[in-house]
Amino acid sequence: MAEEVDDATQNQEDEEIFKAFMSEVKALEKKDSVLTSEKQINRLVRPGSTYLNLNPFEVLMVSSEATLEQVRKIYKRLSILVHPDKNLDDKERAQKAFDAINKAYKMFGDEEQIQFCRDVAEEAKKQLDKRLEEKRAKTKKEGKDGIEEDDPEKYQQQLRNQTTKLFADIEIKKKEIEEQEERERKRQREEEEELALKAKREKEWKEQWDSTRNERVDSWRTFQTKGKRKFKPPKLKQEQRTKK
């Protein structure tokens, strides 16, 4: 009897190991299925990629905790897949995809920058987990069990969405600040140009005034000289009376 129980337990453990193994195989097959030139180019230049590609982990399809060696391996593989010289029939889009991969990879060479990206990813996870916890509490009150995001695949999709949104929000805010600073710099330049133009006009007016000084002095002296001449009244003609 004990042997039968042991056999049943062993079979159950073997079955669980087999399921885990098959899950890993399916995950690898799924990953390999997207590692084609066409699919990677489409992924990296799809609508919204401007914001989607802000996340270097998403671009290189690695975890935020991935080691530099893991990042190098996937980078080499992806860079070959989307290299413009390997995709001559789609060279323009391939170049954009290649640029996105290179930009993401370079971030890993800047510890401060990549740590910032990790912090963003961690904050996105906290925000998502908090929202899902509230959703679970609400669902429980309604007498329901669990939420759809309890499915690991759906959770990961929600996490990618949340992370992308947070990266996008930060980038939009950054651009708003840059535009505001640029407007301020433009205002200061215009103000400085206006002051410089005013100073130039005042200088030109002063130079013109000084250049005509002698002329004004001579005119005044001439006027003074003429004014000192003795005034002689005009002679009046005497009327001739006609004799009667």
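I start with terms: on a 1 Å grid over the protein atoms alone, a pocket is an open set of points where a 1.4 Å probe fits, with protein on both sides within 12 Å along at least five of seven lines. A volume is the space filled by probe spheres set on the points, which are joined across faces, edges and corners.

The model is predicted, so I note that local features need pLDDT of at least 70 and side-chain atom pairs pLDDT 80 or more, while totals for chains, interfaces and linings use all residues. Residues are numbered from 1 along each chain as its sequence is written, and side-chain values use heavy atoms, without hydrogens and water.

**Entry: second largest pocket.** I looked up its volume, which is about 260 Å³. The lining residues (an atom within 4 Å of a point) are Leu54, Lys103, Met107, Gln113, Phe116, Cys117, Phe167, Ile170, Glu171 and Lys174. Helix 6 (91-107), helix 7 (111-141) and helix 8 (152-211) each give two or more residues to this lining; helices here are DSSP runs of H or I, at least four residues, numbered from the N terminus. Helix 8 supplies the largest share, four residues. I sorted the lining by class and got six nonpolar, one polar and three charged residues. Nonpolar means Ala, Val, Leu, Ile, Met, Phe, Trp, Tyr, Cys and Pro, charged means Asp, Glu, Lys and Arg, and the others, Gly among them, are polar.

**Entry: helix 7 and helix 8.** I then looked at how these two pack: the angle is about 125° and the axes are 9 Å apart. Axes are lines fitted to C-alpha atoms over the stretch in contact, and angles run from 0 to 180 degrees between N-to-C directions. Helix 7 is therefore oblique to helix 8, as angles under 35 degrees count as roughly parallel, over 145 as roughly antiparallel, 65 to 115 as roughly perpendicular and the rest as oblique. The contact (heavy atoms within 4.5 Å) includes Phe116 and Cys117 of helix 7 and Phe167 and Ile170 of helix 8. Its residues divide into 12 nonpolar, four polar and four charged.

**Entry: helix 5 and its partners.** The axes of helix 5 (residues 68-82) and helix 6 come within 9 Å and cross at roughly 165°, so I record the two as roughly antiparallel. Among the residues that meet are Val71 and Tyr75 in helix 5 and Ala94 and Phe98 in helix 6. Helix 2 (residues 37-45) packs on helix 5 at about 95°, with the axes 8 Å apart, and I therefore put this pair down as roughly perpendicular. Ile41 and Leu44 of helix 2 are among the residues in contact, as are Leu78 and Val82 of helix 5.
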